[in-house]
Amino acid sequence: MTVALATLVQEADRYLDAARIADYCPNGLQVEGRSQVARIISGVTASQALLDAAVEARADVVLVHHGYFWKNEDARVVGMKQRRLKTLLVNEISLLAYHLPLDVHPEVGNNVRLGALLGLRTEGPLDPANPHSVGLVGSLESPLAPSEFMQRIHQVLGREPLLVEGCGPIKRVAWCTGGAQGYIDQAVAAGVDAYITGEISEPTAHIARENGLSFFAAGHHATERYGVRALGEYLAGRFGIEHQFIDCPNPA
């Protein structure tokens, strides 16, 4: 089975409502390859390692969360960028990338998927005033000690998170995948017991400690593996084509 590249892109754009979400990069088709698609390879980032794996797998499309052409990025096609684009163009592989649309989607979004995996019941957005709020707020079925919740995160993600322990057990949780440590103030305002994201900055530990909030830095890559995989599965099921998720480990 194959599907026209244009049809695949149109459906992905529609499903994620990509045109309505302002972002730091172009969402959708970033590099055009073959006109017909039989096999999708998905991964978190369009690194050279993922592109090489896609070539070996004879993929027609590489689907990622972190693509190219970011705001304020050097526009020259040299060095690493030249090698990546050459790999795609020489092998006629398309690059399809969705950043914020994949973070916020209510079914295949990174945040919805992470919450479900951690046993969190979603209650609403982290920033109720923002219609495209990226983070979420939810609750555990039963309270857990910070160390117990850290162990759950470790088991689910296969990576031990960094924990800044707060005061008391954890029941209500805010979370935002990736590099969203800057949203910790919104988590404090939401009155939650814990905040989960991918990364930590120097001020984050102080904010967490001084507000009695447990903070978990669970890995940018580790927290964002699940949305793009779910999107690839959706598109494969929709059009009867092949899909494979390839995890290229990243310690960040």
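Guide: Of the 252 residues of the protein chain, 51% count as buried, where buried means under 20% relative accessible area, exposed means over 50%, and partly exposed is what lies in between, with a 1.4 Å probe and protein chains only. This is a predicted model, in which local features need pLDDT of at least 70 and side-chain atom pairs count only at pLDDT 80 or more, while totals for chains, interfaces and linings use all residues. Residues are numbered from 1 along each chain as its sequence is written, and side-chain values use heavy atoms, with hydrogens and water left out.

The C-alpha atoms fill a box of roughly 55 × 35 × 35 Å along the principal axes. The radius of gyration, taken over C-alpha atoms, is compared with a globule rule of 2.2 Å times the number of residues to the power 0.38; a compact globule with 252 residues would have a value near 18 Å, and the 19 Å of the protein chain agrees with that. Among the contacts (heavy atoms within 4.5 Å) with a separation of 6 or more, 66% are between residues 24 or more positions apart.

Now to the rings themselves. A pair of aromatic rings is described by the distance of the centres and the angle of the planes. Rings of Phe, Tyr and Trp (its six-membered ring) pair if their centres lie within 6.5 Å, and planes under 30 degrees apart count as stacked, over 60 as edge-to-face and the rest as tilted. By this rule there are 4 aromatic pairs. One of them joins Tyr68 and Phe69, whose ring centres are 6.0 Å apart and whose planes stand at 85°, making the pair edge-to-face. Tyr68 counts as buried because its relative accessibility is 7%, whereas Phe69, with a relative accessible area of 32%, is partly exposed. Another pair is made by Tyr195 and Phe215, and it is tilted, with 6.1 Å centre to centre and 45° between the planes. Tyr195 belongs to strand E11 (residues 194–197) and Phe215 to strand E12 (residues 214–217), so this pair ties together parts that are 20 residues apart in sequence. Both Tyr195 and Phe215 are buried.

Thr204 is itself buried, since its relative accessible area is 3%.

Val3, in strand E1 (residues 3–4), is in contact with Phe239, and among its other contacts beyond four places in sequence are Leu8, Val37 and Ile241. The C-alpha atoms of Val3 and Val37 are 5.2 Å apart in space, although the two residues are 34 apart in sequence. Val3 counts as buried at 7% relative accessibility. Glu11 lies in helix H1 (residues 5–16), and it touches Phe239 too, along with Tyr234, Leu235 and Arg238, again not counting residues up to four places away. Glu11 counts as buried at 8% relative accessibility.

Asn72 is found in the loop between E5 and helix H3 (79–90), and it has a positive phi of about 70° although it is not a glycine. With a relative accessible area of 76%, Asn72 is exposed. Arg58, in the loop between helix H2 (48–56) and strand E5 (61–66), likewise is not a glycine and has a positive phi, of about 60°. Arg58 is exposed, as its relative accessible area is 68%.

Technical notes: Helices (H or I, at least four residues) and strands (E, at least two) are DSSP runs, numbered from the N terminus.
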